[in-house]
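Here is a quick tour of one protein model, written for someone who would rather look at the structure than at tables. Have the viewer open and follow along.

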Amino acid sequence: METLETTLRLLHPFMPFISEELWQRLPHQGESIMIASFPKASRKGRDPEAERLMAPVLDFVSAIRTVRSESRISPAVELQVTVKPAGPEVTAALEAGAAAVVGSLARAVVTVASDATRAANSAMATTPSGDVFVRLEGVVDFEAEKQRLRKEIERARKEIAFLEGKLGRPDFVERAPAEVVERERERLAEQRQTEQKLSTSLSALG
């Protein structure tokens with residue numbers, strides 16, 4: 001109840017009418033949320049142990065959602081996921097209930113296996129908490145996905161070639177403002193990373 005009431009006070013500047021209506025239905029002090037004190041951040045409410053236990057949940061949910069997005073899998077599809085924990089602490093957290101939370105938030109059936117390896121027709125994501133393997137068979141049109149990935153790879157390679165040529169010209173590097181040159185170098189690094197990720201995804205499809 002306290003969390004909800006505090007959240008409503010945080011939301012009030014952005015959603016004044018609905019927050020007032022809901023706040024009035026909760027136990028509260030004062031006549032209106034408009035004159036209630038605005039919440040202040042405090043470190044005394046921090047729970048380092050809870051943060052440690054939630055870290056794997058955040059890592060794995062984010063990884064699974066990224067795979068879902070990059071593979072263009074509908075949010076309605078339940079995924080089959082295998083998690084390889086990075087260590088005993090992560091394993092303990094998953095076995096204590098974190099795996100169920102990951103499954104609920106990522107819409108997936110999660111299996112924990114310390115000896116898991118990447119299977120054919122699967123996607124892989126690496127996180128600080130461990131590796132994630134997402135089964136793609138049955139949820140992805142492999143031929144259509146391969147065609148899309150090849151087009152994306154070709155586009156990335158053309159951009160890489162263009163940027164390499166641009167940065168390879170002494171007149172550009174010497175005469176352009178330093179911030180412009182640095183921005184182009186960052187673009188080149190991003191495109192190389194993108195090309196590598198796309199190539200890895202294509203290889204995973206066989």
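## Helices side by side

A quick word on angles: under 35 degrees counts as roughly parallel, over 145 as roughly antiparallel, 65 to 115 as roughly perpendicular, and the rest as oblique. The model is predicted, so local features need pLDDT of at least 70 and side-chain atom pairs count only at pLDDT 80 or more, while totals for chains, interfaces and linings use all residues. Residues are numbered from 1 along each chain as its sequence is written, and side-chain values use heavy atoms, with hydrogens and water left out.

Start with helix α1 (residues 2-11) and helix α2 (residues 16-24), whose axes come within 9 Å and cross at roughly 155°. α1 and α2 are therefore roughly antiparallel to each other. Their crossing is left-handed (the near helix is turned anticlockwise from the far one by less than a right angle; clockwise would be right-handed). Axes here are lines fitted to C-alpha atoms, for helices over the stretch in contact, and angles run from 0 to 180 degrees between N-to-C directions. Helices (H or I, at least four residues) and strands (E, at least two) are DSSP runs, numbered from the N terminus.

Now find helix α5 (residues 142-167) and helix α7 (residues 178-204): the axes come within 9 Å and cross at roughly 155°. That makes α5 roughly antiparallel to α7. The crossing of α5 and α7 is left-handed, and the residues of their contact split into 10 nonpolar, three polar and 12 charged. For those classes, Ala, Val, Leu, Ile, Met, Phe, Trp, Tyr, Cys and Pro are nonpolar, Asp, Glu, Lys and Arg are charged, and the others, Gly among them, are polar.

## The largest pocket

The largest pocket has a volume of about 570 Å³. Its lining counts 27 residues, and closest to the centre are Val 67, Glu 70, Met 124, Lys 197 and Ser 201. Which element gives the largest share of the lining? That is α7, with seven residues. α3 (48-70), β3 (122-127), α5 and α7 each supply at least two. By class, the lining has 11 nonpolar, 10 polar and six charged residues.

A pocket is an open set of points on a 1 Å grid over the protein atoms alone, where a 1.4 Å probe fits, with protein on both sides within 12 Å along at least five of seven lines; lining residues have an atom within 4 Å of a point. Grid points are joined across faces, edges and corners, and a volume is the space filled by probe spheres set on the points.

## Two loop residues

Arg 72 is not a glycine, yet has a positive phi of about 55°. Arg 72 sits in the loop between α3 and β1 (79-85) and is exposed, with a relative accessible area of 59%. (Buried means under 20% relative accessible area, exposed over 50%, partly exposed in between, with a 1.4 Å probe and protein chains only.)

Asn 121, in the loop between β2 (108-112) and β3, also has a positive phi of about 55° without being a glycine. At 22% relative accessibility, Asn 121 counts as partly exposed.
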